[in-house]
Every structure is written in C-alpha cells, then in structure tokens.
Amino acid sequence: MAADRGERLVREVVRVTHRGLGLDELREQFDGVVRGFVPWDVAAWSTTDPATLLFTSCVLSGRAEDPDAEARLFDSEFRVPDVNTFADLARSNPPVGTLHAATGGRLDRSARWRTILGPIGVTDEIRAAFLDGSSCWGTLVAYRMGGAPFTPDDVALLARIGPLVADGLRRAMLHTAADHAVDAVASPGIAIVEPDGTLGDVTPQAQRWLADIAEEDTVPSVFRAVAAAARSAADGAGDRPAHARLARRGGGWILVHGSVLTSSGRVAVILEAATENHLSDVLVRAYGLTPREREITELVLRGASTDAIAKALFISAYTVQDHVKSILAKAEIPSRRDLVAALYGRHYAPLTAAGAIPSPYGWYLGA
C-alpha cells in the first residue's frame with residue numbers, strides 16, 4: 001500500500017511540473033497535491049540559491065503572513081545551532097527530517113521550537129531540501145498544530161519526490177527567465193512544438209541554440225521525444241521529468257526541457273546551456289573577494305566545516321582559516337555564523353522583499 005501511495009504521489013507531482021505553471025502557482029499546486037498524502041496545517045515552500053542555500057522567495061499556505069515570526073525564524077536558521085537546519089539536511093540522506101524524530105520526542109530540545117514554534121501551537125515540523133544532484137533549488141517546512149507527529153513514511157514520501165520538486169521549481173524559473181531574456185547571450189530560449197511535431201513560434205534565443213544542434217529548417221528528433229514525454233507526464237501517465245541533454249557543435253552541452261502549454265497538446269521546449277551554479281558575482285564585487293575566497297564563501301554558506309573545505313579544495317585547514325579571516329575582515333563581519341545571516345540580510349532579503357525573481361542559475365534575474 002505504501003508503494004502504491006508513493007507511485008501515485010510521484011505521478012501527481014510530475015503531472016504538475018509539466019503544466020507550464022508560474023513559480024508561485026506551481027508551489028500552490030505542489031502544496032495541494034502533497035498535503036493530500038502527507039497532511040499538515042501550515043507550510044512554507046521556498047526557492048533557494050543553490051550556491052549558498054539562502055532563500056530567494058517563499059509561498060506560505062495555511063496561515064497569514066507574519067513578518068515578525070518569519071524574521072525570527074530566518075535569524076534562528078542562520079545564527080542559532082539547532083536540529084534539521086537546511087544546511088545539514090542538504091548534506092543528509094535523505095534530505096528530509098522531522099522535529100519529533102530529531103529531538104527524540106523532546107521538542108523543547110530545539111531552540112526554534114522553544115522560542116517560536118511552541119508558543120504558536122506547533123506539535124511537529126517536517127523539513128525537506130529539494131535537490132537535483134548536488135544543487136538545492138528549494139525547501140519545504142510544514143507544521144502540524146496537533147494530532148500525531150509526522151511518520152517515517154511521511155519522510156520517505158517527501159524524499160522520493162524531492163528531485164522531482166527540484167526539477168519543477170527550476171523548470172518554472174527557466175520559463176520566467178526565457179520570458180524576460182535578461183541576457184541576450186546566456187538566456188534560455190523557448191521553441192513551441194505543435195501536436196503534429198512541427199515547430200511553431202521560436203524565440204531568438206532558441207534559434208541561437210537550435211543553430212548549435214541542428215541543420216536549418218529541421219526539427220531535432222529530441223524535440224519530438226521531449227514533447228511526447230511532456231504530454232505523457234502532464235496526463236499523469238509518466239513518472240519522469242521530460243528533459244534531455246545533447247552535445248553542441250562548438251563543444252559543451254545543451255539541456256532541453258519540455259512542458260505542456262495547453263490541453264491542445266502544444267509543448268514549450270526550453271533550451272539552455274549546461275552551466276554550473278556559482279555564488280553571484282555581486283558578492284565578489286561588494287567585498288572584493290578573490291576567486292579562492294569566493295569558493296570558500298560558498299562552502300561556508302553551505303555549512304561545510306574547516307576540515308571539509310580543506311579536503312574539497314585540496315588545501316590545508318590553516319590556509320582555510322586564513323582565507324576565512326580575510327573574508328570576514330572584508331565583509332566586516334565578526335564570525336562565520338554571522339557571515340550567513342549578514343549576507344542574507346544585506347543582499348538576499350531586500351531583493352526577496354522587493355519581489356525580485358529567482359534565477360534558474362542562482363541569485364535573481366536582472367539583479
């Protein structure tokens with residue numbers, strides 16, 4: 001029975017991700033679908049910058065927005081040691097955890113429960129980091145305000161759909177990025193595949209990508225394959241994201257994603273370069289960080305220890321410490337823990353509050 005529930009949830013999540021929804025509507029649909037399998041009273045669905053794990057937008061369900069409580073939760077996340085931080089979950093297998101399990105049923109062992117969640121009636125919390133490979137594109141935190149705590153089956157269900165949700169979040173961001181075309185060179189492009197397999201409208205950016213993978217006036221066979229997979233997924237008959245990767249003539253790779261636009265069967269095929277996600281250059285410009293300091297800053301923000309950073313970068317722990325001291329001095333921040341909170345408060349929170357649009361490559365579109 002649990003396996004059947006898992007299969008049904010997977011199909012529902014894949015179906016939602018291939019409907020071409022906007023980012024906020026997608027998260028609202030995710031909330032409605034997933035809470036039918038893992039019930040909760042309140043939930044927050046956030047997007048994250050994969051280079052830093054810092055939040056770039058949030059959709060709340062089941063409760064009116066409370067800026068004061070949200071500010072205290074964010075501050076607690078960054079500054080106060082606690083169980084199931086998102087930095088820890090993103091390195092865990094599975095990247096999902098409940099407060100009840102992490103505290104052995106003693107919720108008062110959690111700082112955020114004692115100071116924030118307990119007073120508003122939370123009786124359990126479940127958290128999930130949504131990763132596509134090693135990149136975290138979003139998070140979920142959901143609360144029960146009474147009744148039984150979340151179960152291991154609930155954890156397993158969220159873990160199973162995690163990569164699918166990550167794909168859906170980034171897919172929605174790609175649609176937005178293609179519509180905005182902020183960067184004429186790096187922006188993704190959209191090509192419409194009609195039900196008969198022919199090409200409809202093609203954006204200038206998509207034409208540039210097409211010229212790198214196909215002859216003029218031809219439709220790459222991968223378009224038809226991705227379109228067919230997208231239609232199947234949107235109908236609830238498929239259980240995998242519709243995407244593919246193919247080589248560019250000039251070297252490197254192009255990623256192709258498909259999402260159904262309407263019930264008529266037209267499919268939007270998104271093309272983008274296969275790129276790595278890096279900490280935005282805004283932080284380099286703001287603080288004058290060197291390339292090595294940027295690498296170390298990314299790892300610090302993701303919760304890596306000094307020894308882990310040294311191992312990842314093949315340098316000594318002493319060298320890491322020297323770089324961290326330099327980073328803190330340049331940013332005028334007293335400690336590593338304060339670094340995370342300060343960078344979020346100075347750079348991410350103001351843009352999020354102003355309604356900046358999360359980018360499918362990290363940071364924000366046009367920022």
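This is a predicted model: local features need pLDDT of at least 70, side-chain atom pairs count only at pLDDT 80 or more; totals for chains, interfaces and linings use all residues.
Residues are numbered from 1 along each chain as its sequence is written, and side-chain values use heavy atoms, with hydrogens and water left out.

Let me begin with the sheet, which is open and built from five strands in the order S2-S1-S5-S4-S3, with antiparallel pairing. Helices (H or I, at least four residues) and strands (E, at least two) are DSSP runs numbered from the N terminus, and two strands pair if DSSP finds at least two bridges between them. At the edges we find strand S2 (55-61) and strand S3 (96-98), each of which pairs on one side only. Strand S1 (residues 42-48) and strand S5 (residues 135-144) run antiparallel and are joined by six bridges, and Ala44 has Val141 in S5 as its bridge partner.

Helix H2 (residues 23-34) touches S1 and S2, and its direction makes about 140° with that of S1. Helix H3 (residues 67-79) touches S2, strand S4 (124-132) and S5, and its direction makes about 130° with that of S2.

Now to the charged side chains. A salt bridge here is a side-chain nitrogen of Lys or Arg within 4 Å of a carboxyl oxygen of Asp or Glu, and by this rule the count comes to 18. Glu77 forms one with Arg127, the closest N and O atoms being 2.8 Å apart, and this pair links helix H3 to strand S4 across 50 residues. Both Glu77 and Arg127 are buried, a word that stands for under 20% relative accessible area, whereas exposed is over 50% and partly exposed is in between (1.4 Å probe, protein chains only).

Glu125 and Arg112 also meet in a salt bridge (2.7 Å, N to O); Glu125 lies in strand S4 and Arg112 in helix H6 (residues 111-117), so parts 13 residues apart in sequence are tied together. Which residues are linked in a network of salt bridges? They are Glu77, Asp82, Arg112, Glu125 and Arg127.

Definitions and conventions. Contact means heavy atoms within 4.5 Å. Axes are lines fitted to C-alpha atoms, for helices over the stretch in contact, and angles run from 0 to 180 degrees between N-to-C directions.
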